[in-house]
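Thank you for giving me a few minutes today.

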Amino acid sequence: MRRSGIKIMAGLIGLIKPLFHFMLMAIILGVLGFLCSISLTILGTSAVLKLLAFPAYFSLKAIFTMLILFAVLRGFLRYGEQRCNHYIAFKLLAIIRDKVFASLRRLCPAKLEGRDKGNLISIITEDIELLEVFYAHTISPIVIAIITSLIFVFFIGNFSFSLGLIAAVSYIFIGGIIPLFNGKKIKTYGMDYRNNIGKMNSVFLESLRGLGELIQFGQTKNRLDEINKLTENISAKEKKLKEAESLTKAITDFSILGFTAIMLLAAMTQFSWGVLSFEKALLATVTLMSSFGPVVALSNLSNNLAHTLASGERVLSLLEESPMVEEKTDGKNIPFHGVECKNLTFGYREEEILQNLFIDIPCGKIIGIHGKSGCGKSTLLKLLMRFWDKTSGSIKFSDTEIEEINTASLRSNESYCTQETYLFHDTIGNNIGLAKADSTEEEIIAAAKKASLHNFVETLPKGYQTPIGELGDTLSGGEKQRIGLARAFLSGAPFMLLDEPTSNLDSLNEGIILKSLNEAENVTILLVSHRKSTLGIASKVYSAERGRLS
Ligand SMILES: Nc1ncnc2c1ncn2[C@@H]1O[C@H](COP(=O)(O)OP(=O)(O)OP(=O)(O)O)[C@@H](O)[C@H]1O
Ligand SMILES: [Mg+2]
């Protein structure tokens, strides 16, 4: 659901609360800075008037002293304003990044399964980065423009009420109506543009990962066409944004000239009627002419705002997304002594994958699960990890309903070896060590031995320090699988959930691993496998058909 620009801004401004005093400082410094720069023109005009022997409030000396003082002050004030704004912006970007990562953690893994990862990357990187514009160059300029405009409306209004009115109308038109009109027009382009950039990231990421398949099946041309189409789409959106930007700039410049001409005409008319002195008429015109800076900043802002608001909306949506499984922190902490599932039913969507399942996993035993592909074996393990919540029935973990157990306590009792081991761009040792904080080298080696991995690592010149490419590109399927198993052994959790741990292994390696599993002390193992040979070590095997384990 799309939200309005005002709602997005309110959401983004809500994040500023802890840095409010810096924002206030930026606004004060900004207003003073603009007052200094605008008074330079007014003082200059006063000096000329004085030289022409018109009456003026200050002596020439005072005017020149103020000119120099204000000019120097203007520099310091501008520096101070920018410094505050950028401090707020980058501090907030750090806070937002933190929030986004916390949010991704909450959504994991259920909500992120099947999600467009390239698009997520562009939210985490580019979209957050773009919010800098909002925090450093949007909020304070709006407030600064309102305050300075009010001051000059009163200043000019003091000479003549009608001239003050002209000034008010011109500020509102340039700083309010033009950006609002422009913003409305380009808002949809902005969102389309950002979504297309996200899509482009996804396509690139996918193309890089699937390069082998694309080459093998002759799909590179199609991919290229797809990327070209996306690029053209992005350029078209950008062109529209740039066109709108140029048009706004033209309208703004034209309006400034127009309003200055109207002011000059009105001031001179009043002078000719004798209701306004010449110097006041001139000062009113010069003041208006030189005081458009803050409102022009707003007018230009509306061009960036299309990107910023789109990015803000994407980031806020991610922050507000609710997870499938709420993390439990006020529940029970339990020691592990067995699991019992009764009448367990679950479906990712309407279709039920598991129906009325009964499974008993007594403490210290090895229990096997066997069944055809797609019958829900991995799904059962995900429910036992509480990656998803069951639809009905019960999962009792040490006689406690799984939802009542603190998530951290639950997960510390479990080590889950998935069907596909995810490897990080790091060394083999660190990839195994991931399973246990502060694990020693001896512990890592012991775990690798149990997983029949140690002999292989020993053959590598750098041993456990060998870097493995992204996603373990430099390893074989069986080697990756054994790293996953080594992690499970290292974690030392009392309940091991192993999903097809030996599917890629030869019988020799399988034998070593099964021996390790058989000899493991104080662990309970749930072993999923297609192979009868693997399940030979299980004390009981549940055989699964789609939706039915017996
Ligand atoms: N995140 C998901 N969203 C929707 N459906 C899913 C999701 N994950 C799995 N499924 C579906 O649920 C069913 C069971 O999947 P599961 O991975 O549990 O099968 P499996 O028994 O482990 O199969 P295999 O032996 O091939 O690993 C499959 O039909 C699968 O398509
Ligand atoms: Mg599976």
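**Overall form and local details**

This is a predicted model, and I will begin with its surface: the accessible area of the protein chain is about 27,600 Å², and 62% of that belongs to carbon and sulfur atoms. Of the 550 residues in the chain, 49% are buried, and the secondary structure consists of 18 helices and ten strands.

How does the radius of gyration compare with that of a compact globule of 550 residues? Such a globule would come out near 24 Å, whereas the protein chain has 34 Å, and along the principal axes its C-alpha atoms fill a box of roughly 110 × 55 × 50 Å. Among the contacts with a sequence separation of 6 or more, 79% are between residues 24 or more positions apart. As for charge, there are 58 positive and 53 negative side chains, with the centres of the two sets 6 Å apart.

Let me turn to the metal. The magnesium ion, ligand 2, is coordinated by Ser378 through OG and by Gln419 through OE1, at 1.9 to 2.3 Å. Since Ser378 sits in helix H11 (residues 377-384) and Gln419 in the loop between strand S6 (414-417) and helix H13 (428-433), the pair ties together parts that are 41 residues apart in sequence. Serine 378 counts as buried, at 19% relative accessibility, while glutamine 419, at 43%, is partly exposed.

Next, isoleucine 395, which belongs to strand S4 (residues 392-397) and is buried, with a relative accessible area of 1%. Leaving aside residues up to four places away in sequence, its contacts include Val339, Cys341, Leu344, Leu383, Leu384 and Ile402. Phenylalanine 292, by contrast, is 103 residues from isoleucine 395 in sequence and 68 Å from it in space, C-alpha to C-alpha.

Finally, the backbone. Most residues other than glycine have a negative phi, and most peptide bonds are trans. Against that background, the peptide bond from cysteine 108 to proline 109 is cis, with omega near -15 degrees, and proline 109 is placed in the loop between helix H3 (60-107) and helix H4 (117-137). Serine 398, in the loop between S4 and strand S5 (400-401), has a positive phi of about 50 degrees and is buried at 6% relative accessibility. Aspartate 438, in the loop between H13 and helix H14 (441-450), likewise has a positive phi, of about 60 degrees, but is exposed, at 76%.

How values were computed: Residues are numbered from 1 along each chain as its sequence is written. Chains are lettered from A and ligands numbered from 1 in the order in which they are written. This is a predicted model: local features need pLDDT of at least 70, side-chain atom pairs count only at pLDDT 80 or more; totals for chains, interfaces and linings use all residues. Side-chain values use heavy atoms; hydrogens and water are left out. Helices (H or I, at least four residues) and strands (E, at least two) are DSSP runs, numbered from the N terminus. The radius of gyration is taken over C-alpha atoms; the globule rule is 2.2 Å times the number of residues to the power 0.38. Buried means under 20% relative accessible area, exposed over 50%, partly exposed in between (1.4 Å probe, protein chains only). Contact means heavy atoms within 4.5 Å. Accessible areas come from the Shrake-Rupley method with a 1.4 Å probe; for residues, only the protein chains shown count as cover. Lys and Arg count as positive and Asp and Glu as negative; His and the chain ends are not counted. The place of a charge is taken as NZ of Lys, CZ of Arg, CG of Asp or CD of Glu. Donors are N, O and S atoms within 2.8 Å of the metal (3.2 Å for Na, K and Ca); water is not among the atoms, so sites may look incomplete.
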